[in-house]
Every structure is written in structure tokens, then in C-alpha cells.
Amino acid sequence: MTQPAPPAPHHGPGKQDTTGPATAPAKTAGPARAFGLRADVRNLSLLGVLAVLVAVGGITEPEAFLDTGNLQLILTQASVIGVVTVGMTFVIISGGIDLSVGAMVALASVWATTLATQEYGFAGIAFTAVVVGLAAGLVNGVLIAYGRLVPFIATLAMLASARGLALQITDGKTQIVTVRPVLDLGLPGSYVLGIPPLVLIFAAVTAAGWLLLNRTTFGRRTVAVGGNAEAARLAGIDVRRQRLYLYLLSGLCCGIAAFMLVVLSGSGQNTNGNLYELDAIAAAIIGGTLLSGGRGTIVGSVLGVLVFTTITNIFALNNLQSDVQQIAKGAIIVAAVLVQRRSLRDDGT
């Protein structure tokens with residue numbers, strides 16, 4: 001008598017349900033974990049660079065550089081461009097670019113400091129700066145997302161238009177702020193535990209940006225759009241709407257930065273925010289944000305801002321010319337891009 005054949009292995013839905021999800025994450029967790037490790041290494045490297053810069057400043061100008069007032073100045077100066085950089089980081093991660101951030105800061109600052117606006121006091125200036133930034137960002141977003149203009153062209157047009165409008169509003173003159181509460185915000189008497197209020201605003205924007213990028217669906221969609229816009233569309237993401245929101249976010253950051261700059265300078269000028277776009281892009285790049293999109297960190301961008309601001313401060317204390325500063329910044333940007341390209345080659349992408 002023959003033995004009954006052993007039962008055939010079960011390959012039905014139950015088997016697939018238990019093995020499919022268990023093996024799928026293993027295919028995606030590797031790259032994500034690798035990127036997180038590289039981001040941590042890069043951030044530690046930037047912290048090391050900052051430590052070296054602090055040592056250089058302490059050796060070359062110990063009394064001036066290590067003075068509490070100078071350290072507060074470095075953080076305050078980093079705060080304005082830092083807020084702009086947070087918005088720029090989101091745009092670059094999505095695969096876009098925003099060349100108009102400096103011009104939007106200028107436009108928002110002069111619109112917020114007109115005599116008519118100053119009649120509404122502190123709230124009027126702050127509200128106007130933010131609304132103008134949002135409006136400019138909305139125009140960029142609509143042109144890029146729904147007008148299908150290339151981000152480079154659309155934001156370049158905004159750069160020229162916003163600068164021109166800012167010049168027209170001011171007639172080439174400096175608009176002095178007379179609202180006392182705004183001016184007081186930049187004085188030592190308003191510091192909280194020795195920390196300038198502008199630094200606290202920068203810290204709040206950084207924390208909000210980090211949470212938005214790393215802990216929300218909005219952040220995941222931003223990375224997805226930057227990594228592969230077509231794949232993101234097929235996955236159900238409204239790519240055009242996401243891009244609109246991203247340029248709105250950049251405009252919001254520019255409006256906040258414009259108000260901070262008004263507090264810092266006590267005036268509104270059509271030259272405000274000059275070359276902010278280059279500084280923000282450079283800080284994001286050396287912080288690890290990929291120009292082609294799909295990767296980036298808020299912490300890295302903030303560290304990049306601090307590196308550049310500290311370099312500028314050290315050069316100023318040592319009476320080095322501004323052209324030397326620009327050369328040093330250019331060299332740092334080139335080095336950061338070369339490191340990015342090597343990282344991509346190692347990934348095989």
C-alpha cells in the first residue's frame with residue numbers, strides 16, 4: 001500500500017499576508033537608514049567645522065570674538081538668513097529653486113515700513129511683512145505649479161519684479177521705523193536669558209521646519225516629489241498643489257525674515273536681502289540638501305548658515321576684505337558639491 005502524498009505547501013492569501021509586509025520594509029529601510037547615517041555624519045562634520053572656526057576666532061581675536069556681545073551678534077545675523085534658508089531647503093528638496101528670496105525680503109521690508117503701514121504699529125508692520133511674503137510666494141507657486149514655468153525662470157522674474165517694486169515704493173530712500181515696540185525688540189533690554197528675540201524666532205522656525213519635514217505627511221510628500229515627481233503623482237500626490245504650498249512656505253519665511261530685518265536695522269530699504277538667495281542656497285547645499293531634490297535636512301541647513309555667518313564674522317574682526325570672504329564661500333560651496341557627487345556615486349545613483 002502506498003503512502004499518501006504530503007500536503008502541498010500553502011501559498012494562499014494567508015501565507016502572502018504574513019510574509020509580504022514583513023519583507024517589503026527591508027527593501028526600503030536600507031536606503032533610508034543609510035541616508036540618515038550620512039546626514040548624521042555630515043552634521044557632525046559641520047559641528048566640527050564650527051568648532052574649528054570658533055578656535056580660529058578665539059586665537060586670532062580672543063577678546064573680540066569670544067565676547068558675549070559678539071557671539072550674540074553672530075546668532076542674530078544668522079537668524080535672518082537662517083529663516084530664509086529653512087524655506088529654501090524645502091523648495092530644493094522638492095526639486096525646485098527660488099532665486100527671488102532676497103528680493104521678496106526687500107519688498108516685504110519696504111512695504112511694511114511705509115508711513116501708512118507704520119500708523120498701525122507693531123502688529124501692522126509684522127502683518128504686512130508676512131502677507132507680502134506670502135503673496136509673492138503665491139505668485140511664484142502659481143506660475144510654477146499651474147503655469148508650468150521652470151522654477152529658475154519664474155523666480156528670476158520675481159527677483160527682478162520685486163526689486164523694481166521695492167525701489168518704486170522707496171524711491172531709492174531709506175524708510176526709518178518710528179514704531180518704538182519694533183525698535184525695542186532689537187535692544188538688549190528685550191533679551192530673554194541673554195538670548196536675543198530674533199534668535200528665539202529663528203529657533204522656533206527651525207523647530208517647526210524640522211517637525212514639518214520629518215514628522216508630517218507634508219514632509220514625506222515633499223521628499224517624494226523631489227525624488228521622482230511622476231512616481232509621486234502615480235502614488236496619488238497632487239504634485240502641483242504640493243509645489244504651490246512649498247513656494248508659499250518659502251514666501252512665508254521671507255516675510256518673517258523681512259520683519260526680523262526691520263527689527264535689526266530699524267529701517268526698510270530696497271537693497272535689503274541682497275544676495276540672500278545665494279547664501280541660502282549655499283547653506284542648504286553644504287548642509288547636505290541635494291540640488292536635484294529628494295534629500296535634505298533642516299539641521300544641516302541651519303549648521304551651514306552658522307558656518308557662513310561665523311566665517312564672515314571672523315573675517316570682519318581680522319579686517320579681511322569682503323572679496324576674500326566671497327572666495328572662501330565659493331570654495332566651500334564647490335567642496336560641498338563635490339562631496340555630494342561622491343556620495344551619489346557611492347550610492348550608485
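This is a predicted model: local features need pLDDT of at least 70, side-chain atom pairs count only at pLDDT 80 or more; totals for chains, interfaces and linings use all residues.

Residues are numbered from 1 along each chain as its sequence is written, and side-chain values use heavy atoms, with hydrogens and water left out.

**Helix α7**

- Helix α7 runs over residues 151-170, and its end C-alpha atoms sit 28 Å apart, which agrees with the 28 Å that its 20 residues should span at 1.5 Å a residue. That expected span is 1.5 Å times one less than the number of residues, and helices here are DSSP runs (H or I, at least four residues; strands are E, at least two), numbered from the N terminus.
- Ala154, Thr155, Met158, Ala162, Arg163, Ala166 and Thr170 are the buried residues of α7 (buried is under 20% relative accessible area, exposed over 50%, partly exposed in between, with a 1.4 Å probe and protein chains only).
- They take up an arc of only 160° around the axis, so they lie on the same side of α7; the arc is that of the directions from the helix axis to the C-beta atoms.
- Their cover includes α4 (101-112), α6 (121-145), β1 (175-176) and α12 (239-265).

**How α4 packs on α7**

- The axes of α4 and α7 are 8 Å apart, at an angle of about 25° (axes are lines fitted to C-alpha atoms, for helices over the stretch in contact, and angles run from 0 to 180 degrees between N-to-C directions).
- That makes α4 roughly parallel to α7, a label for angles under 35 degrees.
- On the α4 side, the residues meeting α7 include Gly102, Ala103, Leu107 and Trp111; among their α7 partners are Met158, Leu159 and Ile169. Contact means heavy atoms within 4.5 Å.

- Ala103, found in α4, counts as buried because its relative accessibility is 1%.
- Not counting residues up to four places away in sequence, Ala103 touches Met158, Leu159, Ala162 and Arg163.
- Ala103 and Thr271 are 168 residues apart in sequence, yet 8.3 Å apart in space, C-alpha to C-alpha.
- Pro151 is in α7, and its C-alpha is 5.9 Å from that of Ile97, 54 residues apart along the chain.
- With residues up to four places away in sequence left out, Pro151 touches Gly96, Ile97, Ile144, Leu156 and Tyr247.

Technical notes: Angles under 35 degrees count as roughly parallel, over 145 as roughly antiparallel, 65 to 115 as roughly perpendicular and the rest as oblique.
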